Amino acid sequence: MLTKFETKSNRVKGLSFHSKRPWILASLHSGVIQLWDYRMGTLIDRFEEHDGPVRGVNFHKSQPLFVSGGDDYKIKVWNYKLHRCLFTLLGHLDYIRTVQFHHESPWIVSASDDQTIRIWNWQSRTCISVLTGHNHYVMCALFHPKEDLVVSASLDQTVRVWDIGVLRKKSVSPADDILRLGQMNTDFFGGVDAVVKYVLEGHDRGVNWASFHPTLPLIVSGADDRQIKIWRMNDSKAWEVDTLRGHMNNVSSVLFHSRQDIIVSNSEDKSIRVWDATKRTALQTFRREHDRFWILCCHPEMNLLAAGHDSGMIVFKLERERPAFSVSNNSLYYVKDRFLQLYEYSTQKDTQIIPIRRPGSATLNQGPKTLSYSPTENAVLICSDVDGGSYELYIIPKDSFNKGDTVHEAKRGVGGSAVFVARNRFAVLEKSTNQVLVKNLKNEIVKKSALPIVTDAIFYAGTGNLLCKAEDRVIIFDLQQRMILGDLQASFVRYVVWSSDMETVALLSKHSIIIADKRLVHRCTLHETIRVKSGSWDDNGVFIYTTLTHIKYCLPNGDCGIIKTVDVPVYITKISGNNIFCLDRDGKNRSIVIDATEYLFKLSLLKKRYDHVMSMIRNSELCGQAMIAYLQQKGFPEVALHFVKDERTRFNLALESGNIQIAVASAKEIDEKDHWYKLGVEALRQGNSGIVEYAYQRTKNFERLSFLYLITGNLDKLSKMMKIAEVKNDVMGQFHNALYLGDVKERVKILENAGHLPLAYVTAKTHGLNDIAEGLADKLERNVPVLPSGRSHSLLIPPTPVLCGGDWPLLRVMKGIFEGGLDSVGRDAPEEYEDAADADWGEDLDIVDVENIQNGDVSMVSENDEAHEENEEGGWDLEDLELPVDVETPRATTARSSVFVAPTPGMPVSQIWVQKSSLAGEHAAAGNFDTAMRLLNRQLGIKNFKPLKSFFLDLHTGSHTHLPTFPSSPIISLAIERGWSESASPNVRNPPALVFSFSQLEDKLKAGYKATTAGKFTEALRVFMSILHTIPLIVVETRREVDEVKELVIIVKEYVLGLQMELKRREVKDDPVRQLELAAYFTHCNLQLPHLRLALVNAMSLCFKAGNLITASNFARRLLEANPAEAHAQKARSVIQAAERNMRDAIQLNYDFRNPFVVCGATYVSIYRGQKDVLCPYCGSHFVVSQEGEICAVCNLSVVGSDASGLLCSPAQIR
Amino acid sequence: MSEEDAIERDCLIYRSYIALGSYQLVIHEIDSSAATPLQAVKLLALYLLSADNKETVISSIREWLSDAAIGNNLILRLIAGIIFMHEQDYNEVLKYTNAGGTMELNALNVQVFLKMHRSDYAEKQLRVMQQIDEDHTLTQLATAWLNLAVGGSKIQEAYLIFQDFSEKYQMTSLILNGKAVCCMHMGNFDEAESFLLEALNKDAKDPETLANLVVCCLHLGKPSSRFLSQLKLSHPEHMLVKRVSAAEESFDRAVQTV
């Protein structure tokens, strides 16, 4: 039982859930009706009009009404919005036991100790029917949720089902009811409105409660005989189906659960019992110490129950509704019913993966509680409370999702919670010994580790680490080093949510969220009044969480706010941008779009991303007092300034942010003394004397102004001030100014004018103005004050100000704060941890276990024999026939070092390559250059290996990788093999992965074409040559590719020949005949069309210039066929025209385009068909006979005319 | 801390210095009065410092090993194993290390067997390690070595082991090189290159990084000569350098014979 809410009060006799709001009504034995909000846990209202106990209470489904019935024989209908009773229905003659609204008609049914059941119309406020028949107190009467039936239970030991179909037909309008009221009395005995359909007899004592099944034709009843009976009915009869025994005292209330196939009952034996409705067995019992139960009530929509007892009531749930889930990259694994489901966020596709064990129905709340997933091994751990906590491990088959119904074989185990701690390791909490067992995927224990604190649950905390939760704290525990990495006080943590970078963690408990970093250093704590349900980190480091009713955010500094409200609780699984993905209680995936502006704005502010802030201010509607208040509170009045239009707020914000300019502008707008004064104060603080002066002038604050002039040394203005004071007749001001100016005469004058003659005299005398003093003395009639003698005196002149006029220089600090400052502080801390962790590493290496060593030694030695047998079966290890003789000697008995004989070295992979292959490239990779050369010689007649040297070396160099291994020891080099696949079996050796591939050659070919087009012939020739030199060492897979390689040889050879001739042509500038010939031959190489066009244009213009018009026109014609550019075509046409006019060749060439020919690769002369030639065995170039035995001038590799078997470049050719 | 622990700690520290290449420091700090294990560490430093010391080092280590009083010291045996491994005298290595005794000795055995291309033996040795502590870092590392050596689907597992390390610990060039090697064996040279460049960023002189970069660049068809010449400059004794020069010689020899 999961208690959601509990009250303490007088005995609760009646309960009713509100269908929409989180409210429940409780009617008490004391006569009070309480309205509670069970989510917030607050008492909303009290209704006290009944006299004596109120036994029945019921909310209306849609109207703001409820009805109550009490021992004062009254039925009262209340409006909870108006907080008052609307009216009272009178008629019952004894205690009223239950009242209930009809689900659609305006009716109320009531059961009373006066042995009747009455049906009332609450709109006309009349009784429309009295159901008589019971001959003892009627304890309960309820409408059928759909049909026109009423079920009642009575102390006369019967349950009756009444048919009220006639009533519905009759009462169409309220007027009818009134008419029928007179009739009613006549019908009092044997009325026809409601007739007893069935009388269910079977209980041996009075029946306290009877209720319908929400959908099936079933009734369940509970009685003082301590039994619960299930009844079935059809159209014609009703009969007893079964009896549930178990309660030890009177059963007070019983009902079918609306969403599960169970019956819930409660009793005066102080227990609530849950029964399986199909198997009719007791599932669970919940007892209270002292309180008898009186009433039970089921929420009409949600999975909630409430029970009233002697000292209050409880609202509870029988089973958890949170689906177990785990998020992995882009997918969500979760449990729905008895299947493991996969939901892909990107495609929003939901797939059933494997069936899992059905949660045991023997007891409740045994469903999967948590789920842990290992993506690399595709394994799932599902934990539940079965057997006091146990887990099941499923390995999901990789190839196909098993949609069949066969439950997958799961590995099981007992443990408080189980969670993956590495890709193929999971930790299981053994609560009894407070140990963590680390297990592998075979469910075998690999390691045990005692936990440093009493742990009740464990969570993942990065590879190899566990977050252990005790009642009042959580720690992060390193399983390998067995030390605590972090510790934090946090009570009753329920869920742990890590950010995707594993840097921050949110610890969710029922009413609070703690955010900490990866070492559990506290960052902030949030408190929620409503229960926290779930949460997830968004990409910006904002934690988004849900409570029962809201989706909220929490910024890294602990600021939080509401994003939106939700109707039903949801469990956030992932956040991607503005989308929140969540699971609801039915295990359905939902995606909720939210407006992230507010929290992103606050986040940018927090991170000092002022550019973002500004763009957001410009582009979105973010205004509002709340935002301004937030900005002010957070110390960003200058940002708030941008929002505000109201001048007063602007002024205040400007002052707060020290922005004098804006403050002045605002002050001008407002023009109030108060504001000018404030401006003056701020300006003075900043030392902006101009503004201070301005502000004082506006407020006419002359004294301050004078003083300002004094301290800024502005004597001119000061004397002006004196004059102003004089004009204004402000003696005191005048005197002050004179004093400030050090103007004694003036002072004396002022004093004199003011009538302070003695003072004037003293002043004059003191400062040695004897003439004036004399004059004054006269006026005083010599009655002069005596000056103290023996004191030296001096005139106090105001000191020269350090800075006269102008403003104080201000540091532009704002920018600095925005830029970095705080950030760096935040960043320092984590680094320290890393260092600390660093220092501790490596201590774990020193496990010296004497026993193990010896065991290991013995077993290793004794295994040697087997090893060799295995090897023989092993297949590839060809040379293993000569077993070491010493293997036979029994070594287990003799001393270690002296007799141990090392195994003979095995065969390096490269040697296997050589044995298996007859491809030159593979031999070269293996480093067997001589065999490679022999092969090439045989296959392609290659004799000149010099050009191939770098290719050989590259092949060999690239054949092995270097694996750093044991410190200070030589590295291991490993052979790279070709054609790796995930399913390749180990120990089977594949041929080497060569550094040259056919695709590389294709790229090179393109590069060669490009260089040719650009006219960089030397470069192009180099590229083509390198292709030609790589091909002998290339290895391809298929026959088709072999053909492509052979084609490539021909293509490249043509280019090489062509380019060689073209380069030669450029060398023989002085020999025009040869030039023309070579240009002409070039056009007969098999070139790409664009290149052919270029060659033709070239040859054509050369011939034309040389006056060989016939030849030129031939080239022109060929050019036109080759689809040239317009400019070239134009030229070609004019060449042809010119040639037609003058058909002649100026120079005799060894070139007859009508006669097919090939060009000799060495001498570049044409070899016409029928003439004898020799071929290069590799590239297939033609040569004049004299070249036989020479190295081919084209490929520079093979011996012209030698015998060769042909290019072998694929294992496919050998098979 | 007991004396034994202190010695062990010092051994680890000095071996770390050796791994960093600070041979002189180790040789200076350990004086002749230090305990046997530390003397052994000093020998290793001497051995690695210069080729001239090799003979004296080997003769003294042989002498110590034959001394019954200290010959069985675990660290001495380990150092002997490392030195003879450099000498490529694997029989000699195994003579001292085959009995195991520490995880390090076991791991060294795995390595020796792999060097001898006897993955069957390596696997047995590994099983011994797994029995002792399957999740030990050295066990995991040795598993990765073996997996790489036997190839096929096991390479994936080796990759996952290095991946685990990278999640658990800071990225070191050992981890990055391990990952890169796995990638190369899986034919994924682009990814390997990125790991290697990351490693190069951490330590521009790390010989294995350079050597693997050479290999990787060759496969990617990118110029590799820069890394090779860097390697030749900084680590003329590196396996790859030796390999290349040996290959050149053997090419020239082969050209003569054909």
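## About the model

This is a predicted model, where local features need pLDDT of at least 70, side-chain atom pairs count only at pLDDT 80 or more, and totals for chains, interfaces and linings use all residues. Residues are numbered from 1 along each chain as its sequence is written, chains are lettered from A and ligands numbered from 1 in the order in which they are written, and side-chain values use heavy atoms, leaving out hydrogens and water.

## A four-stranded sheet

In chain A you can find an open sheet of four strands in the order β37-β38-β39-β40, with antiparallel pairing. Strands here are DSSP runs of E with at least two residues, helices are runs of H or I with at least four residues, and both are numbered from the N terminus. Two strands pair if DSSP finds at least two bridges between them. At the edges are β37 (418-422) and β40 (445-450) of chain A, each pairing on one side only. On average, neighbouring strands of this sheet are turned by 30° against each other, direction ignored.

Let's walk across the sheet. β37(A) is joined by four bridges to strand β38 (residues 425-430) of chain A, and the two run antiparallel. One bridge partner pair here is A:Ala418 with A:Val428 in β38(A). Six bridges then connect β38(A) and β39(A) in the antiparallel sense, and A:Ala427 stands opposite A:Val438 in β39(A). Five bridges join β39(A) to β40(A), again antiparallel.

## Turns and a covered strand

β38(A) and β39(A) form a hairpin with four residues between them, and A:Asn434 in the turn has a positive phi of about 55°. β39(A) and β40(A) form a hairpin with four residues between them too, where A:Asn443 in the turn has a positive phi of about 70°.

How many of the six residues of strand β39 (residues 435-440) of chain A are buried? Six of its six residues are, where buried means under 20% relative accessible area, exposed over 50% and partly exposed in between (1.4 Å probe, protein chains only). Both faces are covered: A:Gln435, A:Leu437 and A:Lys439 are buried on one side, and A:Val436, A:Val438 and A:Asn440 on the other.

## Aromatic rings

The structure holds 38 aromatic pairs over all chains. Rings of Phe, Tyr and Trp (its six-membered ring) pair if their centres lie within 6.5 Å; planes under 30 degrees apart count as stacked, over 60 as edge-to-face and the rest as tilted. A:Phe66 and A:Trp78 form a stacked pair, at 5.7 Å centre to centre with 10° between the planes. A:Phe66 lies in strand β7 (residues 65-70) of chain A and A:Trp78 in strand β8 (residues 75-79) of chain A, so the pair ties together parts that are 12 residues apart in sequence. A:Phe66 counts as buried at 0% relative accessibility, and A:Trp78 counts as buried at 1%. Ring pairs also link A:Trp23, A:Phe47, A:Phe59, A:Phe66, A:Trp78 and A:Tyr80 into a cluster.

## Two packed helices

Helix α29 (residues 1089-1106) and helix α30 (residues 1109-1121), both of chain A, pack at an angle of about 160° with their axes 8 Å apart. Axes are lines fitted to C-alpha atoms, for helices over the stretch in contact, and angles run from 0 to 180 degrees between N-to-C directions. That angle makes α29(A) roughly antiparallel to α30(A) (under 35 degrees counts as roughly parallel, over 145 as roughly antiparallel, 65 to 115 as roughly perpendicular and the rest as oblique).
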